Every structure is written in C-alpha cells, then in structure tokens.
Amino acid sequence: MSLQTVRSPFALSDYTPLSDHQEQTPNSFYEGKPVLYYYATGAKAWIPKSQRGKLPFFPADLSSEPTSPENSALNGQTEENVEQKVDLFVNSRNLSIFCPSAERGVSIPYQQISIHAIKALRASSESGDQTFPSVYLQLELAEGGAGDDEFETVELTLIPRPEPSTTATSTSTDPETAGTATPSKSEAAKLFEAISDCSNLNPDPVQDGDDEEDDKDGAQIIFEGDYEPVEGFSGVFAGARDGGLPPAMPGSGGWITAENVHEYFDEEGNWIGGDAEGEEEGEGVSGELGEGAGTVHAREENEQGTRARPRPRLRPRSLLCLGLAICMFWWLVLPYDNTVWLAVRWNIKRLEAAMTSRPSEQWIYGQPTYPVDLGQDVLVILKTGYGTKDRVPAWFDSLSAVNEFRDILLIADYEGDRGHYPDAFQHHGEWLKVHDGVGRALRHLRAHLSHPRVGKYNDLREAIDKGDERLALRYCKSFGWELDAMKFISGLELAYKTYPGKQWYLLVDDDTFVIQPSLKPLLEHLDPTRPHYLGNAVGDFRARFAHGGSAVILSHAAVSALFKTPKALSSVYVDSLDETWGDRLLAKALLRLGIYLDETYSHFFNGEPPLLSKIRADRLCSPLLSFHKLASPAAMRKLGDQFRNISKPVMWNDLWEIYGYTPPWRQTDATFHEDWDHVGAVDESTLTIPNIKSPKACKKDCDRRSRACLAWSWDSETKSCHISHWMIVGGEAPGHVSGVNIPRARYLETNCIRY
C-alpha cells in the first residue's frame with residue numbers, strides 16, 4: 001500500500017457524495033464507488049523547498065513561491081517553501097490530490113498519513129494580527145528501517161480557499177441551544193474532519209507478532225468496577241463483593257461483532273457459520289446458536305410462505321434520469337416518421353395550439369409585425385387538370401374588386417403550345433400558360449417509366465394530342481386524382497425556380513376560394529424567414545397534413561429548405577407514384593426536414609362551401625380564410641359575387657349576415673326552424689339518437705348536453721335526432737326541424753371583437 005501517481009484529473013462522477021451515501025443503503029459494503037467526504041478546487045499546497053521531487057506534483061525544479069495573503073505568515077522562517085494550486089478529493093479510500101498546472105496528481109492511502117492537524121498560520125502587520133487556518137500533514141513515503149529516524153517523510157500543508165461565509169455565524173437548530181449563535185466551520189476545519197473520518201475508516205493493518213508484543217508489555221483488558229483478578233490465572237476475575245458474577249469477557253456471550261462477522265458471513269452476506277476446531281456440529285464460535293440463526297428474512301412473503309424478493313425502490317431523480325436516457329435513445333435510434341415520435345409531436349403541437357389560440361383572436365387586429373403586399377410578396381399556385389379546366393375561368397372571375405393577387409402559376413396534368421384556352425387562361429389582360437406538373441415530375445422518374453401511373457398519364461396525353469375530348473375526360477374522371485398527387489412537389493419546385501423572391505407561396509385548387517382580407521392579417525402576423533407550414537389539419541398523428549382543398553400556405557424559408565438539396569427530393573418523387581393524396585406527400589417531405597404543420601391557425605381554414613361550413617366553438621370569433629368544394633363554375637362565380645365588395649376580414653359568425661340571415665341567437669324566437677337543417681352532413685363525431693318522437697324532445701337532448709351540443713336536427717321521417725358540436729347556416733331540408741344552442745352561441749359571441 002503506497003502512493004499512486006495519476007496523470008488524469010479526478011472527476012466528481014468517480015465518487016458517491018456523502019449526502020447520497022447517507023440517504024440510502026448500499027447494495028454491497030465491498031464494492032461501489034468511494035464516498036466523497038470533502039471536495040475543493042484551487043487549494044494551495046506547500047512543502048519545504050528541500051523536499052521538492054518527493055511528490056509527483058512538486059517537480060524538483062519548481063520555484064513558485066507561496067502567494068499572499070498566507071505567505072506573510074512565513075516571514076522569519078529559515079526554510080523556504082514552494083506552492084502549487086491543487087484540487088482535493090477526500091474520499092473513503094484515499095486522499096486524492098491533483099495539480100492542473102503540473103498535470104499530475106497522487107492518491108495517498110490514509111495509512112501513510114502519520115500526522116494530520118489543523119495549523120494556524122499567524123501573520124503580524126500594522127493593521128493587526130491575521131490567522132489563516134490550514135491542515136498540516138506528515139506523509140510516510142517508505143516503511144523505513146529499525147528506527148524512526150530511517151523513515152522518509154514529507155511535510156505537506158494544505159490551505160483550502162475560504163468560502164465567503166467562513167467568518168459568518170449560524171443559529172443552532174437544537175431545541176436546547178436554539179437562538180444561540182455558533183461560528184461556522186472554516187474550510188480547513190472541514191478538510192481536517194473529513195481526513196479524520198476517512199482515516200478512522202482505514203486503520204493501520206495488524207502486523208504479525210503485535211499480539212505477542214502486547215502480552216510481553218503486560219497489555220490486558222481493563223474493566224470498570226470493583227473486580228479483582230485471581231492471582232496466577234490470566235484473565236480470571238473474582239466475583240463481585242456483592243455476590244454477583246464477574247463481568248462477561250468480550251465475545252463470551254455469543255454476540256456477532258464487527259471483529260468476528262467474517263467468521264459467520266461471506267462477502268455476499270451468505271451464512272457460513274463457525275468452523276473453529278473442536279466445536280460440535282451446529283455450534284457457533286461461542287456456543288450453540290438459537291433457533292432461526294443464519295436465516296435471511298425477506299421483506300415480504302407470499303401466501304405460500306416462501307420468501308419474496310424485495311421490491312427495489314427507484315428514487316425520483318433516478319426515474320427522471322432513466323426517462324431522459326430512454327428519450328435520448330429513441331431520438332437517436334428511431335426514424336423521423338416512427339409512430340412514437342409522430343404521436344409525441346402531434347400531441348405537443350396540439351397542446352401548443354390550444355395554449356396559443358385565443359377565442360377573441362385579438363392579435364389579428366393589431367399593427368402588422370411583418371407587412372405584406374399580396375401582389376408583390378405572395379405567389380398563388382393554382383392546381384387544375386384537364387378534366388376540371390372549365391373551373392379556371394370562373395376562378396379568375398370570382399376574384400373580388402379588392403383583389404391583390406398578381407402573380408399566379410397554373411399547374412395541371414397537361415401542357416400545350418397554344419397561347420389561348422385551354423393551354424392558357426387570361427388574367428388582367430395577359431395569357432397565363434398552363435404548366436404540366438406531372439410531366440415535370442417524370443423528369444425525376446426516368447428509372448420508373450414502366451410504373452402503371454406513368455402509363456395512365458401517357459394515355460391521357462395521347463387522347464389530348466389526338467383531340468379526343470370525350471376519351472380524355474373519361475380518363476380524367478377515372479384516374480385524374482392519381483395524377484393530381486404528382487403535381488404538388490413539381491409545382492412547388494417550378495414556383496420556387498420561377499419566383500424565388502416571394503415571401504409566401506399559396507397552394508389552392510381550382511374549386512377553392514380565398515378571402516384575401518382575411519389572409520393578409522394572418523401573413524402579417526408571421527415571419528416569412530422562419531419555416532411555416534399552415535393549413536386545415538386533417539388525418540391522425542401518423543399522417544397529419546394540411547388539406548390541399550382548404551388552401552396550403554408555405555413561407556419562403558420552408559420552400560427554400562425543401563428545394564435546397566434537389567437530390568434529397570428524388571425519393572419524394574418516387575413516393576408520388578403510389579401516394580393517394582399529394583397534400584399528404586408534401587407533409588411527409590417537410591417532415592423529413594423537421595418542418596411540421598402548425599395547427600395554431602388551422603381553424604382559419606375551411607374545406608366546405610359557405611352555407612355548409614361547420615362553425616365550431618373555437619371558430620365562431622376567428623377569421624375565415626377559405627371555402628372549398630365549389631365544383632361548378634356557376635357556384636364559384638356566385639360566391640365571388642357574394643364576397644366581391646368585402647374589404648375587411650370575415651369572421652365565421654359573419655356568414656349569416658353575408659347571406660342575408662339573422663343569426664338565430666340574435667332572434668327573439670328562433671328555437672325551432674322548420675324545413676331547415678343546421679347540422680348538415682353527419683360524421684363519426686355526430687350523436688344520433690333514434691326513436692325521438694318530437695323536435696321538442698330532440699332539443700331537450702341537446703340541452704342536456706349543452707357543452708357538447710351547438711346545433712340539433714330532427715328528421716320527421718326516421719324519428720332520429722342528430723346532435724353536433726358545430727352549426728351551419730344551412731339550407732332548406734323538407735321534413736327536418738332544426739335549431740341552435742342559443743344560450744351557448746350567445747355566450748361564445750361575447751368573446752368576439754369587431755374589426
């Protein structure tokens with residue numbers, strides 16, 4: 001057992017803090033990390049200059065003199081000292097010291113610390129006497145010879161850096177001494193106590209012959225009390241004067257103590273019993289053990305009486321660390337589209353949306369943070385097809401008198417050379433060419449030209465080139481939706497190459513109407529230099545995407561990130577050959593870049609026509625941005641006429657007045673609306689109650705579910721009552737009686753703020 005030189009710094013993670021050690025029961029007393037009793041950095045270490053080279057971190061040529069203020073205590077001493085800055089680790093196994101400047105350290109067994117004491121370094125000055133506490137150590141570097149003079153020793157002085165509270169006092173928490181002020185311990189005192197405690201844990205080993213020398217010196221066991229030894233018999237005592245027995249000898253009572261525990265248990269805690277010669281079977285070191293001796297009792301036993309293993313307890317900090325480790329492992333190992341991560345992201349985004357959205361949407365009326373010119377800063381990407389090309393002129397005709405859209409890019413599944421319909425469409429007196437998005441996608445799919453979807457596209461092109469309108473339209477009706485999935489990525493790529501300076505890119509279908517006065521304040525609220533992906537959120541957490549028919553908004557940062565590395569898009573184009581929906585394909589491509597659908601503004605977007613738009617509680621006072629499913633050119637033109645002169649943002653609850661109706665909750669008697677339907681198409685979230693005899697009974701069912709019911713509709717033919725958490729303006733529905741949850745609608749409207 002000797003000093004060990006180390007060349008790498010000690011780390012706190014190598015030890016178990018004393019506070020943690022005292023709060024738990026160790027799994028083994030023979031293994032585990034050493035316990036750290038004291039730790040300090042930047043401490044000063046002094047040794048006499050003549051002893052340089054005896055410790056690894058004091059090289060023989062070291063000339064650094066002790067520094068102030070402690071060096072003033074050395075004035076007048078004949079022997080010079082040298083100094084090093086060290087880090088101290090007083091642990092249960094050894095005293096570890098490391099010097100960062102020397103890049104060396106030492107582990108000192110406590111058996112080699114022959115003397116340790118608190119040493120007061122006193123210095124006198126004109127301002128008064130000063131005392132600097134330190135710890136003095138005398139280290140034995142060799143075992144020596146026959147006399148003490150032959151031992152090689154080193155005198156080491158350690159001066160920990162004083163804490164700011166070293167001279168402060170603390171109030172005792174002991175009830176008996178409560179209220180009294182006691183001086184706090186100095187760092188030197190803490191260091192000394194730690195070394196003392198650890199030295200007690202590491203006593204000097206017993207050398208052979210020590211016991212015999214003790215006997216020769218007359219060493220004996222001394223008992224307190226009035227007992228006299230029997231002359232001539234070592235260790236035999238006479239009885240007590242009051243007739244009592246002499247004191248019991250240590251170990252004579254059969255106790256298992258720290259000195260003889262190894263004779264009964266091995267290092268694993270298993271019972272081995274006493275094996276001393278001359279003992280009868282079943283006897284221990286000092287007599288027969290009682291019933292049950294050596295049995296290890298478990299914490300719990302099951303009903304059959306067999307021992308059950310104790311349940312390990314996990315501390316909260318351990319559980320937290322374990323959870324973080326598992327999450328980090330998942331993050332590194334699981335792919336971006338793994339179900340676990342998709343579920344986590346989806347719930348986090350929904351929580352963010354719930355925390356961010358405000359019923360009154362007050363921010364929409366504030367001063368714009370990022371001013372937007374819809375004509376200069378926004379590009380509209382209008383998707384159409386050969387089968388729906390008749391909608392495009394109606395789409396242009398529906399643009400309102402306050403239309404600001406200027407740059408529009410037409411993407412379809414065909415392309416022609418003529419400068420007129422159907423190869424081009426007129427807007428603001430100019431002809432806009434139709435670009436073949438499917439053909440552009442095939443430029444990236446030269447190795448997949450045998451795919452069935454490519455064959456369908458070739459059949460359509462052949463029919464168009466031959467002028468066979470009927471066959472071409474039949475093809476579009478049969479598989480036009482498959483080709484539509486191939487337009488999204490190629491259309492966006494063409495848009496970015498043609499208009500790379502746009503701040504926003506707006507994707508719409510030829511049956512989608514966008515309310516520009518509602519779009520502008522939304523864009524002015526968002527920073528285009530950050531990746532934004534906005535739209536009407538549909539799908540579950542495994543495939544969450546913005547519904548293309550409701551309009552999709554992408555910021556410049558999102559689009560530029562998508563096409564920054566064209567090679568990375570090759571797999572996306574391949575996926576478009578089998579993808580059902582192009583809007584979902586776009587979401588997958590953005591997901592690979594870490595760009596997720598922002599659902600904070602999903603309730604602005606709408607996938608229904610105006611009179612069938614589902615007005616939910618979270619939408620009533622929010623801006624309405626889009627309409628969809630305007631399948632006929634007449635429906636699109638009619639909608640354009642309805643919104644032509646609107647120049648301010650449209651709220652969902654404005655639909656009644658725009659179409660000439662008074663909202664039911666503002667009417668004096670609008671409980672029952674006959675031959676009308678305020679529910680519309682039912683889905684899985686609609687509650688349908690059969691066998692309801694009257695509309696009054698249906699209304700009562702809505703009232704019972706007031707927080708979940710916003711509208712109800714009773715079918716006189718089927719006697720069914722439909723309850724929904726939305727309401728629509730609705731239209732004529734013979735045989736239906738319908739109504740709105742008037743008290744709840746009135747309450748919701750109180751949060752609305754007029755623009």
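A cavity is, on a 1 Å grid over the protein atoms alone, a set of points where a 1.4 Å probe fits but cannot get out, and its lining residues have an atom within 4 Å of a point. The structure is a predicted model, in which local features need pLDDT of at least 70 and side-chain atom pairs count only at pLDDT 80 or more, while totals for chains, interfaces and linings use all residues. Residues are numbered from 1 along each chain as its sequence is written, and side-chain values use heavy atoms, with hydrogens and water left out. The protein chain contains 19 helices and 33 strands, taken as DSSP runs (helices H or I, at least four residues; strands E, at least two) numbered from the N terminus. Of its 755 residues, 41% count as buried (buried: under 20% relative accessible area; exposed: over 50%; 1.4 Å probe, protein chains only).

**Cavities**
- The whole structure holds 2 cavities of 30 Å³ or more.
- The largest cavity has a volume of about 80 Å³, a volume being the space filled by probe spheres set on the grid points, which are joined across faces, edges and corners.
- Its lining consists of Leu399, Ser400, Val402, Phe513, Val514, Ile515, Gln516, Pro517, Phe643 and Ile646.
- Strand S21 and helix H12 (516-523) each supply at least two residues of that lining.

**Helix H16**
- Met636, Leu639 and Gly640 are buried in helix H16 (residues 633-642).
- These residues lie on the same side of H16 because they cover an arc of only 105° around the axis, the arc being that of the directions from the helix axis to the C-beta atoms.

- An open sheet of 5 strands runs in the order S28-S33-S30-S31-S29 with antiparallel pairing, where two strands pair if DSSP finds at least two bridges between them.
- Its edge strands, S28 (673-677) and S29 (687-689), each pair on one side only.
- Neighbouring strands of this sheet are turned by 40° against each other on average, direction ignored.
- S30 (residues 711-715) and S31 (residues 720-724) pair in the antiparallel sense over 5 bridges, and histidine 722 in S31 is the bridge partner of serine 713.
- Helix H18 (residues 695-704) packs on the sheet, touching S29, S30, S31 and S33 (731-740), and its direction makes about 150° with that of S30. Axes are lines fitted to C-alpha atoms, for helices over the stretch in contact, and angles run from 0 to 180 degrees between N-to-C directions.

**Glutamate 493**
- Glutamate 493 belongs to helix H11 (residues 487-498) and counts as buried, at 9% relative accessibility.
- Not counting residues up to four places away in sequence, glutamate 493 touches His444, Phe563 and Tyr573 (contact: heavy atoms within 4.5 Å).
- The C-alpha atoms of glutamate 493 and valine 559 are separated by 8.4 Å, although these residues are 66 apart along the chain.

**Backbone features**
- Most residues other than glycine have a negative phi, and most peptide bonds are trans.
- Serine 68 and proline 69 are joined by a cis peptide bond with omega of about 5°; proline 69 is found in the loop between S3 (35-48) and S4 (81-91).
- Glutamate 103 has a positive phi near 55° and is exposed, with a relative accessible area of 55%.
- Asparagine 691, in the loop between S29 and H18, has a positive phi of about 55° and is exposed at 67% relative accessible area.

How values were computed: 1 Å grid on protein atoms, 1.4 Å probe; cavity = no way out; pocket = protein on both sides within 12 Å on 5 of 7 lines; lining within 4 Å.
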